[in-house]
Amino acid sequence: MINRPEGFFYIIFLCVYIIFFTNCASGNEKEVNKKVGKKEFSRRVLSYDEQIAALKRMEPVLPIKDAHITTFDGQLPNAPRKYRGGFHEGFDFYNGFCGVRIEKGTPVLAIADGEVVRADTNYTEIEAEKRKMLLKEAHSLGFTPDSTLDILRGRQVWLDHGSGIVTRYCHLSAIPAGLKGKVRKGDVLGFVGGSGTKSKVPHLHFEIRLGKDFLEKNKTPSEIREIMKEIFKK
Ligand SMILES: [Zn+2]
């Protein structure tokens with residue numbers, strides 16, 4: 001039989017236990033936020049259409065000066081990626097597909113005003129063997145885990161534009177020293193490279209995230225081109 005003081009401590013213990021595990025359950029999201037710059041992301045409070053409208057109001061520019069969206073559907077969001085399982089989640093800007101010369105060192109620009117929430121200034125390239133192993137695992141799963149996608153994106157900068165809109169600039173060869181805090185539309189965030197890729201062919205992988213999804217998930221290439229024309233006026 002439990003006497004009164006023991007019962008009291010038992011209840012306190014139970015409360016601490018419950019609080020601890022409740023915190024663990026929401027710990028994943030906190031961990032991600034910590035990883036991307038020790039800052040909470042804007043909460044998704046707007047609907048998808050409202051986010052698109054917010055993006056349009058920013059009058060954004062494309063991340064490579066004078067470029068247009070790729071002419072090749074395989075470089076758009078939702079393009080299948082058979083080598084790893086899953087789909088492409090962004091826009092690739094390769095030389096020969098976007099109307100301007102794109103090479104290692106081409107400046108990568110902020111598409112709109114925003115705040116740097118991640119800048120991999122101390123990036124280390126993944127070893128070939130580890131890359132191979134992760135791709136093999138993704139292929140057998142039939143989808144690519146987020147942690148693997150993150151590695152495959154190489155050296156990255158992420159900008160938070162508010163309204164749940166985050167843009168990601170990936171495979172960079174370098175990031176300007178001291179890049180942090182608020183940036184303005186057109187500011188240089190980094191330089192085109194091939195980090196995180198097997199081929200090392202320089203190109204920019206650019207993502208627009210709306211809440212937890214990427215822009216125009218499950219849409220066709222012509223629908224994606226249409227919405228990009230509306231947003232970027234190009
Ligand atoms: Zn890509």
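Among contacts in the chain between residues at least 6 apart in sequence, what percentage join residues at least 24 apart? Please then describe how strand S8 is placed.

A: This is a predicted model, in which local features need pLDDT of at least 70 and side-chain atom pairs count only at pLDDT 80 or more, while totals for chains, interfaces and linings use all residues. Residues are numbered from 1 along each chain as its sequence is written. Of the contacts between residues at least 6 apart, 70% join residues at least 24 apart; two residues are in contact if their C-beta atoms, placed from the backbone, lie within 7 Å.

The chain has nine strands and six helices, which are DSSP runs numbered from the N terminus (helices: H or I, at least four residues; strands: E, at least two). Strand S8 covers residues 204-210, and seven of its seven residues are buried, so S8 is largely enclosed by the rest of the structure. A residue is buried if 20 or more other C-beta atoms lie within 10 Å of its own, with C-beta atoms placed from the backbone. On one side of S8, the buried residues are Leu204, Phe206, Ile208 and Leu210; on the other, they are His205, Glu207 and Arg209. Of the 234 residues of the chain, 32% count as buried.

S8 also has pairing partners; two strands pair if DSSP finds at least two bridges between them. Strand S5 (residues 165-170) runs antiparallel to S8 over six bridges, with Cys170 as the bridge partner of His205. Strand S1 (residues 91-93) is joined to S8 by three bridges, also antiparallel, and Phe93 stands opposite Leu204. Strand S9 (residues 213-214) is antiparallel to S8 as well, with two bridges; there, Leu210 has Asp213 as its bridge partner. Two residues lie between the strands of this S8 and S9 hairpin, where Gly211 takes a positive phi near 60 degrees.

Notes:
Buried ≥ 20, exposed ≤ 12 C-beta atoms within 10 Å, placed from the backbone.
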